[in-house]
Amino acid sequence: MTLGDTPPPPAAFTRAVESMRLNEIRPEIELEDIPAPQRLAPYSKAMGASVYRDDDELAVGRLILLFDPDGQRGWDGPFRLVAYVRADMEPEITTDPLLGPVAWSWLTESLDAHSAGYRAAGGTVTRAVSEGFGNKAEDPVTTELELRASWSPHDEDLSGHTAAWCDLMCLAAGIPPLPPDVATLSPRRREDPESFRS
């Protein structure tokens, strides 16, 4: 290494990033690398995803890995995962007072189903209604659900956490999770088939 070179990231972070790259994902999901926030932790990695049925985008999301060898307050460890999911919802669903607890259970049950150990989980579930006015008065009313969450994984193997996040997005999009004995198919990517494998 010469003067001015950036030192390589810690091995634990590199192993964690590698473990996020799933060999198999559902065909409805497209994953891609996206820029990671730089100010939240010394090391970070992020991926984005969309859930499609035919050509209709039903949900979008982000999963961000943060790593600070010294940890941070509230993390309970050196790693922190931050997830975001947004999906269109039928208006009658967004008025259900149980939507928040149910959406949060989609996350925790998905983590449990993939044996993705976690601690210090927290987050919010938001319902948004958009109405048009003026020259947009004819636009249809849209309703969305947004889930923002973060948690600390028990170890650096994040494959189960990534799989759980994918399941969470499918659930938000109204697509049920696959039974444990059903294999997934190769991912369908619109642009670069190696987008998250570099």
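## A pair of residues in the sheet

Valine 129 has threonine 143 in S6 as its bridge partner. Helices (H or I, at least four residues) and strands (E, at least two) are DSSP runs, numbered from the N terminus. This is a predicted model, in which local features need pLDDT of at least 70 and side-chain atom pairs count only at pLDDT 80 or more, while totals for chains, interfaces and linings use all residues. Residues are numbered from 1 along each chain as its sequence is written, and side-chain values use heavy atoms, with hydrogens and water left out.

## The chain as a whole

The chain holds 4 helices and 6 strands. Read from the N terminus, the elements follow the pattern α-β-β-β-β-α-α-β-β-α. Of its 198 residues, 42% count as buried; buried means under 20% relative accessible area, exposed means over 50%, and partly exposed lies in between (1.4 Å probe, protein chains only).

Among contacts with a separation of 6 or more, 68% are between residues 24 or more positions apart. Contact means heavy atoms within 4.5 Å.

## The sheet

Strands of a sheet pair through backbone hydrogen bonds, either parallel or antiparallel. Here, 6 strands form an open sheet in the order S1-S2-S3-S4-S6-S5, with antiparallel pairing. Strand S1 (29–33) and strand S5 (118–130) are at the edges with a single partner strand each, so one side of each has no neighbour in the sheet. On average, neighbouring strands of this sheet are turned by 15 degrees against each other, direction ignored. Axes are lines fitted to C-alpha atoms, for helices over the stretch in contact, and angles run from 0 to 180 degrees between N-to-C directions.

Two strands pair if DSSP finds at least two bridges between them. S2 and S3 are antiparallel and joined by 11 bridges, with methionine 47 opposite leucine 63 in S3. These two strands form a hairpin with 2 residues between them, and aspartate 54 in the turn has a positive phi of about 55 degrees. S3 pairs with S4 over 9 bridges in the antiparallel sense; leucine 65 has leucine 81 in S4 as its bridge partner. S3 is mostly covered, with 9 of its 12 residues buried.

S6 is joined to S5 by 11 bridges, and the two run antiparallel. Strand S4 (residues 79–89) and strand S6 (residues 142–153) also run antiparallel, joined by 9 bridges. Tyrosine 84 has arginine 148 in S6 as its bridge partner, and methionine 89 stands opposite threonine 143 in S6. Helix H3 (residues 99–113) packs on the sheet and touches S4, S5 and S6; its direction makes about 140 degrees with that of S5. Helix H1 (residues 11–19) also packs on the sheet, where it touches strand S2 (43–53), strand S3 (56–67) and S4, and its direction makes about 165 degrees with that of S3. In S6, 10 of the 12 residues are buried, so S6 is largely enclosed by the rest of the structure.

## Two loop residues

Aspartate 76 lies in the loop between S3 and S4. Its phi is positive, about 60 degrees, although aspartate 76 is not a glycine. Aspartate 76 counts as partly exposed because its relative accessibility is 47%.

Serine 115 is in the loop between H3 and S5. This residue is not a glycine, yet it has a positive phi of about 50 degrees. With 69% relative accessibility, serine 115 counts as exposed.
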